[in-house]
Amino acid sequence: MHPHHTDQIRRDFLKKMGAATLSAMSVGLPTSSFLSSCSPSEKMPSSIDTVILLWMAGGMAHTETFDPKAYAPYEKGMDSKKVLSTFPKIPTAVDDLFFSEGLENIGSVMDKGAIIRSYRAADLGHILHTRHQYHWHTCYEPPQSVQPPHIGAWIAKELGPVNPVIPPFISMGQRFTVGEGEELKAFHSAGFLGTEFGPFLIPDPSTGLDSVRPPQGMTPQRFESRNKLYEELVKRSPLEEHGSGYQKESLKRSMEQAYRLLNSPEAKAFDLSQEPKEVYDTYNTGRFGQGCLLARRLAQEGARFISVSTEYEPFLGWDTHENGHTRAKNMKAAIDRPIAQLIRDLDESGHLDRTLVVLASEFSRDAILEGRPGEKVKDQVDQPDQINDMKYYGMHRHFTDGCSILMWGGGIKKGLVYGKTADERPCSSTEKTVVINQIHQTIYHMLGIPPETHYTIEGRPFYTTPDGSGEAVLDLLA
């Protein structure tokens, strides 16, 4: 190939890569002229240092999990409308608190935590997974003219790392190469806060160590050379020419953080093979269980915010549009043992005192109702009046008005049951309804982040919760 032609290809490649870099770095990012902190100079006292979010992606039916109703065992020809729960109730470690069958282990640690049974997901016009996940994780309804930060990014920005080597915001378990990948990427972001506060992504926890070391066979010298080449690429990109000082500094710090981790002893925290076999086997129910084990290791090493997802992929996992009972049974088997072990391990090591563990989902499910009662939306599943096939037995439709959230540690009242849902359809919230800005503000309150914390973006005050309206649910706290 002619040398001139080769140079032209190289220049085109660098130009395109540079444009892609600028595009990726600048989405929702501020320029220094319109990002200004309005955070209070004095922080509030905190009861926690770390948050672990156990994300039940896909819509976990409350009546099939943590808020069971009247059990209707499967019978061919049974009336659909009589199906409220397809699992019998089981006792937990808390008197008069019952979960559904298959959650015995989580039930055994509820004396260390609390359950909210009255969370109400927002009416976003359409009941769609990624819209509601966006809302849950950012507290802002999509779409937004400015990309709001994920709650993990807010926490990373306001508090910084516990351990300067460990990334303050780590998200694991969710791949972006399946299903609605672009929609999921939209809220896995630090938005206007900058690259350095974005998530350190680990799609597969079993290969977490690969995230913090050079590819197999690459020598340290070659990696150093690659790193210098990447720095040169950034310098030649439009970001260097047109980006703000804030953008450049944010990108530089994120690169430095990654490089520091790569060369640190703490990198071993990402290596699950360091665990004794019996411990690993207890957690290992699959990728989610491995994620719980990795979350425990990273929390103990000083991560600030860790998300572990069962992963959202349309019609898989908790997205039970058919075979609802069977799929829920399999999902409970994947989460029950590792979540309980995570709580026990954090408690025994003393870390649970300063760690908040939250289990949540974007919305709930019902066999008959689609959406919130009184707000009819298009049905996505055909449910026959009479059930003559096991695939129709279970919860199939999106339901937003009776979700369960579990919390452990960090000053949460132990053994508390907060809120209530009706025992008959619609199994909606009837007492102490909680919405997303209250959940976020409760977490910020526990971390010592004041409710008035905000930044001015293009002349608009941008709070941790919309208009600063979120109020912490103090009754949840000891």
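A polar contact is a pair of N or O atoms within 3.5 Å; within protein, one atom must be able to donate a hydrogen and the other to accept it. In this predicted model, such a contact, at 2.6 Å, links the side chain of Arg-365 to that of Asp-319. The protein comprises 478 residues, of which 54% count as buried. Its secondary structure consists of 12 helices and 19 strands. Among contacts with a sequence separation of 6 or more, 78% are between residues 24 or more positions apart.

- Arg-365 belongs to strand β11, which spans residues 364–366.
- Arg-365 counts as buried because its relative accessibility is 1%, and the cut-off for buried is under 20%.

**His-132 in helix α3**

- His-132 is located in helix α3, which covers residues 129–138.
- With a relative accessible area of 3%, His-132 is buried.
- Setting aside residues up to four places away in sequence, His-132 touches Ala-121, Ala-122, Leu-124, His-126 and Ile-127, as well as Glu-362, Phe-363 and Thr-400.
- The C-alpha atoms of His-132 and Ser-361 are 9.3 Å apart, although 229 residues separate the two in sequence.

**His-440 in helix α12**

- His-440 lies in helix α12, formed by residues 436–447.
- The relative accessible area of His-440 is 0%, and the residue is therefore buried.
- The His-440 side chain reaches the backbone oxygen of Trp-136 at a distance of 2.6 Å.
- Beyond its neighbours within four places in sequence, His-440 is in contact with Trp-136, His-137, Thr-138, Cys-139, Ile-151 and Thr-465.

**Packing of helices α10 and α11**

- Helix α10 (residues 287–301) packs against helix α11 (residues 324–349) at an angle of about 15°, and their axes are 8 Å apart.
- Because of this angle, α10 is roughly parallel to α11; the cut-off for that description is under 35 degrees.
- The two helices, α10 and α11, cross in a right-handed sense.
- On the α10 side, the contact is made by Phe-288, Gly-289, Cys-292, Arg-296 and Gln-300.
- On the α11 side, the contributing residues are Ala-334, Ile-335, Pro-338, Ile-339, Leu-342, Asp-345, Leu-346 and Ser-349.
- Classified by type, the residues in the contact of α10 with α11 are eight nonpolar, three polar and two charged.

- Glu-322 is situated in the loop between β9 (305–309) and α11.
- Glu-322 has a relative accessibility of 43% and so counts as partly exposed.
- Apart from its neighbours within four places in sequence, Glu-322 contacts Arg-327, Lys-391 and His-396.
- Glu-322 and Met-390 are 68 residues apart along the chain, and a distance of 9.1 Å separates their C-alpha atoms.

**Cis peptide bonds**

- The peptide bond joining Pro-142 and Pro-143 is cis, with omega of about -5°.
- The loop between β16 (420–421) and β17 (429–431) contains Pro-426.

**Positive phi at non-glycine residues**

- Lys-432 is not a glycine, yet its phi is positive, at about 55°.
- The position of Lys-432 is in the loop between β17 and α12.
- Asp-467, likewise not a glycine, has a positive phi of about 60°.
- Asp-467 is part of the segment after β19 (460–463).
- Asp-467 counts as exposed because its relative accessibility is 71%, and the cut-off for exposed is over 50%.

Conventions:
Residues are numbered from 1 along each chain as its sequence is written. This is a predicted model: local features need pLDDT of at least 70, side-chain atom pairs count only at pLDDT 80 or more; totals for chains, interfaces and linings use all residues. Side-chain values use heavy atoms; hydrogens and water are left out. Helices (H or I, at least four residues) and strands (E, at least two) are DSSP runs, numbered from the N terminus. Buried means under 20% relative accessible area, exposed over 50%, partly exposed in between (1.4 Å probe, protein chains only). Axes are lines fitted to C-alpha atoms, for helices over the stretch in contact, and angles run from 0 to 180 degrees between N-to-C directions. Angles under 35 degrees count as roughly parallel, over 145 as roughly antiparallel, 65 to 115 as roughly perpendicular and the rest as oblique. A crossing is left-handed if the near helix is turned anticlockwise from the far one by less than a right angle, and right-handed if clockwise. Contact means heavy atoms within 4.5 Å. Ala, Val, Leu, Ile, Met, Phe, Trp, Tyr, Cys and Pro count as nonpolar, Asp, Glu, Lys and Arg as charged, and the others, Gly among them, as polar.
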